[in-house]
Amino acid sequence: MNAAPSAPSIQRLFVAGHRGMVGDAICRRVAADPSIELLTAGREVVDLSDPQAVDQFYADNRPDAVVVAAAKVGGIFANSQYPVEFLSENLKIALNCVESAYRHGVQRLLFLGSTCIYPRDAPQPLVESALLSGPLETTNEAYAIAKIAGLKLCQYYRQQYGVMFHSAMPTNLYGPGDNYHPENSHVLPALLRRFHEAKEEGLPSVTIWGSGSPRREFLYVDDLASAAMHLLSASDPPDWVNVGTGEDLTILELAEKIAAVVGYQGQIETDPSKPDGTPRKVTDVTQLHALGWRHEVELAQGLQQAYASFLKENAQSTLRQA
Ligand SMILES: NC(=O)C1=CN([C@@H]2O[C@H](COP(=O)(O)OP(=O)(O)OC[C@H]3O[C@@H](n4cnc5c(N)ncnc54)[C@H](OP(=O)(O)O)[C@@H]3O)[C@@H](O)[C@H]2O)C=CC1
Ligand SMILES: C[C@H]1O[C@H](OP(=O)(O)OP(=O)(O)OC[C@H]2O[C@@H](n3cnc4c(=O)[nH]c(N)nc43)[C@H](O)[C@@H]2O)[C@@H](O)[C@@H](O)C1=O
């Protein structure tokens, strides 16, 4: 498993969103391969929502491959609060990155979506063919619509113009460089921080949002980076493919594991006034495994590594402020 398939070689790879958790993990991985030249540009250099700026970047830098790992990203609260930005910014980023790639002769493009593209009540585990088979989960509908537009744009470019533009649908991710913001983050980094602070402050209990019963799947971000490079090398990848472990647990079970990793021994309480979101999200990874890739980092190990990263970033005061 995970040996790179025979594939067209990549020489100049543009990682859009290289300072994010995923983009940074991809850069760390690619840095070990001297045959690939990494191209990056922070938001202050190229605002990916600006079509002229993106086009100029492609014209000046001539990438032959692109990973679109830039997006407006957040957890259930941020997605519910800011649907305008989640739809509008993500549509613009997808459109600009993909259209300019075609205009400037990019050979290979991987667009990152998310498993929230699947209908809220789709049968579990989620198969790729469940796309557009039912209504979306309302808490992340805006984000999901932008991601569906992005993956469809790639599919249509491939179909109509014969370019190898395709997509990966990652499950919930975590790891170094995550967003630990108390409100805007995803559940795993939010709880790592909350349990850590509760331990430091000697608090008797920690409250998790919702009922604790929704089920989620978590993939360590370095595994996602490995899968992304694997897919970029595949000779005939599917238009979109799930990237996950195929294993899930309840949010309460996750909280208990995080408390153990952090060393917090107080009570865990739930707050049913907060939304649960999708009742269950676990990927069918049959297609991914058939492509020769499987995850390597199990949740127990990943949580230890993620907590170590959190402690380091916290000590260095590099935690994100938004
Ligand atoms: N995290 C997760 O659990 C999951 C993530 N994904 C997908 O993976 C990809 C990466 O996510 P992740 O790394 O977690 O997200 P992050 O928020 O960590 O990183 C996103 C990056 O995109 C950049 N960015 C956003 N908007 C712009 C813009 N207009 N111009 C330039 N850069 C921009 C951000 O820059 P800046 O630092 O300046 O804000 C940031 O570096 C996204 O497509 C996301 O949808 C999919 C499933 C789950
Ligand atoms: C990756 C995916 O992530 C988002 O979907 P989500 O999986 O629902 O996101 P989440 O990680 O924020 O929550 C997961 C579950 O966990 C519960 N929960 C408990 N306590 C906290 C808590 O403290 N913070 C958060 N955020 N959630 C909590 C929370 O109530 C929910 O039941 C999409 O919007 C979209 O961005 C997307 O694609």
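**Strand pairing, helix crossing and ligand shell**

Strand S3 (residues 65-68) runs parallel to strand S4 (residues 108-112), and four bridges pair them. Ala-65 has Arg-108 of S4 as its bridge partner. Strands pair if DSSP finds at least two bridges between them. Strands (E, at least two residues) and helices (H or I, at least four) are DSSP runs, numbered from the N terminus.

This is a predicted model: local features need pLDDT of at least 70, side-chain atom pairs count only at pLDDT 80 or more, and totals for chains, interfaces and linings use all residues. Residues are numbered from 1 along each chain as its sequence is written, while chains are lettered from A and ligands numbered from 1 in the order in which they are written.

**Sheet**
- Six strands form an open sheet with parallel pairing, in the order S2-S1-S3-S4-S5-S10.
- Strand S2 (37-39) and strand S10 (240-243) are the edges; each has a single partner strand, so one side of each lacks a neighbour in the sheet.

**Helices H8 and H10**
- Helix H8 (residues 251-262) and helix H10 (residues 299-315) have axes that come within 10 Å and cross at roughly 55 degrees.
- Axes are lines fitted to C-alpha atoms, for helices over the stretch in contact, and angles run from 0 to 180 degrees between N-to-C directions.
- Lys-257, Ile-258, Val-261 and Val-262 of H8 meet Leu-303, Gln-304 and Tyr-307 of H10 (contact: C-beta atoms, placed from the backbone, within 7 Å).

**Ligand 2**
- Ligand 2 is surrounded by 27 residues; Gly-75, His-186, Val-187, Gly-210 and Gly-277 are the closest (C-beta atom, placed from the backbone, within 6 Å).
- Helix H3 (76-81), helix H6 (187-201) and strand S7 (205-209) each give two or more residues to this shell.

Notes
Two residues are in contact if their C-beta atoms, placed from the backbone, lie within 7 Å.
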